[in-house]
Amino acid sequence: ERPGSPSGAQQMECFILDLSAGGAMIQVDEELEEGDWLFLMDIRIIPKEPPFALTCRVQRVIQRGEKKAYGCQFSEMEEREQDRLIKGILYLQRKELQARRNRE
């Protein structure tokens with residue numbers, strides 16, 4: 001537990017493997033379980049746009065080699081924030097498509 005954290009909360013780095021309007025697939029060094037609640041902070045998608053801070057719940061645990069990935073569902077997201085997230089996802093998809101075209 002760190003100073004300023006809610007009782008029992010701990011901070012950890014996470015890597016987002018996949019992102020959708022309804023949730024994320026993440027990887028962390030800590031062990032998580034189905035039903036665990038997470039608060040994902042400082043998620044930057046579009047440069048110069050404010051970062052996201054999203055609450056989610058672990059819905060499934062997936063073994064990926066020696067590591068585990070966690071499928072999380074977002075909870076209580078405001079419509080405005082969900083619209084902003086979708087805009088960010090479309091931005092990332094556009095960038096990926098442009099990169100593919102440039103390699104061909």
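I took two strands as paired if DSSP finds at least two bridges between them. With that settled, I looked up E5 and noted that the bridge partner of Gln 63 there is Lys 68. The model I am reading is predicted.

Entry on E4 and E5. I located strand E4 at residues 52-64 and strand E5 at residues 67-74. I find eight bridges between E4 and E5, in the antiparallel sense. Besides the pair above, I looked up Arg 60, and its bridge partner in E5 is Gly 71. I then checked the hairpin of E4 and E5, which has two residues between the strands. In that hairpin I read a positive phi near 65° for Gly 65.

Entry on E3 and E4. I looked up the bridges joining E3 to E4 and noted five, with the strands running antiparallel. Here I see Trp 37 opposite Arg 57 in E4.

Entry on the whole sheet. What is the order of the strands in the open sheet? I read it as E1-E2-E5-E4-E3, five strands with antiparallel pairing. Which are the edge strands? I have strand E1 (14-19) and strand E3 (37-43), each of which pairs on one side only. I also noted how neighbouring strands of this sheet are turned against each other: by 40° on average, direction ignored.

Entry on the helix. I looked up helix H1, residues 79-103, and found that it lies across E1, E4 and E5. Against E4 I have H1 running at about 60°. Of the strands that H1 lies across, I note again that E1 is an edge strand.

Methods. Residues numbered from 1 in each chain as written. Predicted model: local features only at pLDDT ≥ 70, side-chain atom pairs only at ≥ 80, totals over all residues. Heavy atoms only, no water. Helix = DSSP H or I, 4+ residues; strand = E, 2+ residues; numbered from the N terminus. Axes fitted to C-alpha atoms, helices over the stretch in contact; angles between N-to-C directions. Contact = heavy atoms within 4.5 Å.
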